Amino acid sequence: MRKLQLFIFLLTILPIALSGQGREEGFVRTDTLGKTKKIKIIGLPIAFYTPETEFGIGGGGQIFLLNKTNQYNQRLSNILFSGIYTTAGQIMFNATPQIYLGKGDYFIDADYLFEIYPNSFWGIGPETPENNLENYNQTTHKFKLSFLKRLPPDLNFGFTYNFANHQVTEVEEDGILDSGTILGSSRTVISGLGAEFNLDTRNNTSSPTNGQLFEIGAHFSSQILGATHSFNKFTLDLRNYEPLNKRSTLATQVYIENNYGNVPFQGMAFFGGSNSARGYFYGRFLDKNMFVIQAEYRYRLKPRWKLAVFGLVGSVAGDASDLLKFNSVKPGYGAGVRFKVLKDQNTWLRLDIGNGKDGQNGIYFGVNEAF
């Protein structure tokens, strides 16, 4: 098993306090580049290293629209963007606008991603052997646009459009992808409409200590809309944050994903990664169906320091009825530490060590809680 041995994510942090709350995953707000009565622009230098990417460096920014605020929870409209290049030849560009309209009764959530990204593939299923490992290169354009309506007090409902163009540019000769038996082994276009519903009572989105997030999604990829394969995706994300006392919180999550139809491997459920199944390489196991149940105990040691321990179980399967087969269920556990970057801003650096089945493990260094 190729282990995820180390994830070092270095951020150049300039000492400045920032107002408002926007999307912060993967970044620490750093330097104010400009400000007027309507906008504030923040610079975001980025540097990191992983075994998959080698050394990566880049930058980006976050534009806050100061006159477009969700007045119900004081979240600011913002546009986050970044560009990254790695010594492994990978290129990534991402832009994620989040815009509130009116007083926050309407919400536009968009995400655009372009990447040239070498990746790893072991096949499809819950028990693919390690010696199946092969590498492939893929170029991706991905776009998602959601328009949500607030249903007081904390409900949101709306519709989405999803588009993705995955072009596999290189595979290993005589490998699984080269055989042509895997849907998406040369090119996949996903295009379709969907619907989303959520109940969000979290006290904040970066490191919640109280509240719930219940989210249901249904997304349909159709050849009528230009997709290469027609399939349906249903997701359920249930999170609860229970304060046990003034210093500690128990966070729990149940995540379920089901795909039906002719599902290319790029559209399947990916098990692993730094958020849903720490201790497993992201995509080490993939299939049409997946569940992950995880719990994390978070203890505030000092005002700017937290300790955490977590455990999880999960699996993937071609048939949803096979998800709970004993031999296929994959446990994971680990511990970590968090550090609050600025006293008056709820942004935390997170370092976790995760362990999984059959000696799989990973070290993760990022920003804010895993869930």
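Where is the place of Phe159? Select Phe159: its place is in strand E9, residues 155-171. Strands (E, at least two residues) and helices (H or I, at least four) are DSSP runs, numbered from the N terminus.

Before going on, note what is on screen. This is a predicted model, in which local features need pLDDT of at least 70, side-chain atom pairs count only at pLDDT 80 or more, and totals for chains, interfaces and linings use all residues. Residues are numbered from 1 along each chain as its sequence is written, and side-chain values use heavy atoms, with hydrogens and water left out.

**The whole protein.** Colour by secondary structure: there are 20 strands and 0 helices. Of the 371 residues in the protein, 47% are buried. Buried means under 20% relative accessible area, exposed means over 50%, and partly exposed lies in between (1.4 Å probe, protein chains only). The protein exposes about 17100 Å², and carbon and sulfur atoms supply 60% of that area. Accessible areas come from the Shrake-Rupley method with a 1.4 Å probe; for residues, only the protein chains shown count as cover.

**Strand E9 and its partners.** Next, select E8, residues 134-151, together with E9: the two run antiparallel and are joined by 16 bridges. Two strands pair if DSSP finds at least two bridges between them. A hairpin of 3 residues links E8 to E9.

**The surface patch.** Return to Phe159, which is exposed because its relative accessible area is 55%. Now show Leu151, Phe157, Phe159, Phe197 and Ile216 as a surface: they form a nonpolar patch with about 450 Å² of accessible area together. Like charges are joined within 9 Å, and nonpolar side chains (Val, Leu, Ile, Met, Phe, Trp, Tyr) within 5 Å.

**Aromatic rings.** The structure holds 12 aromatic pairs. Phe271 and Tyr280 have ring centres 5.1 Å apart and planes at 65 degrees, so this pair is edge-to-face. Rings of Phe, Tyr and Trp (its six-membered ring) pair if their centres lie within 6.5 Å; planes under 30 degrees apart count as stacked, over 60 as edge-to-face and the rest as tilted. Phe271 is buried, at 0% relative accessible area, and Tyr280 is buried, at 1%. Last, select Phe121, Tyr136 and Phe265, which form one aromatic cluster.

Conventions. Patches are made of residues with over 30% relative accessible area and no salt bridge: like charges are joined within 9 Å, nonpolar side chains (Val, Leu, Ile, Met, Phe, Trp, Tyr) within 5 Å. A salt bridge is a side-chain nitrogen of Lys or Arg within 4 Å of a carboxyl oxygen of Asp or Glu.
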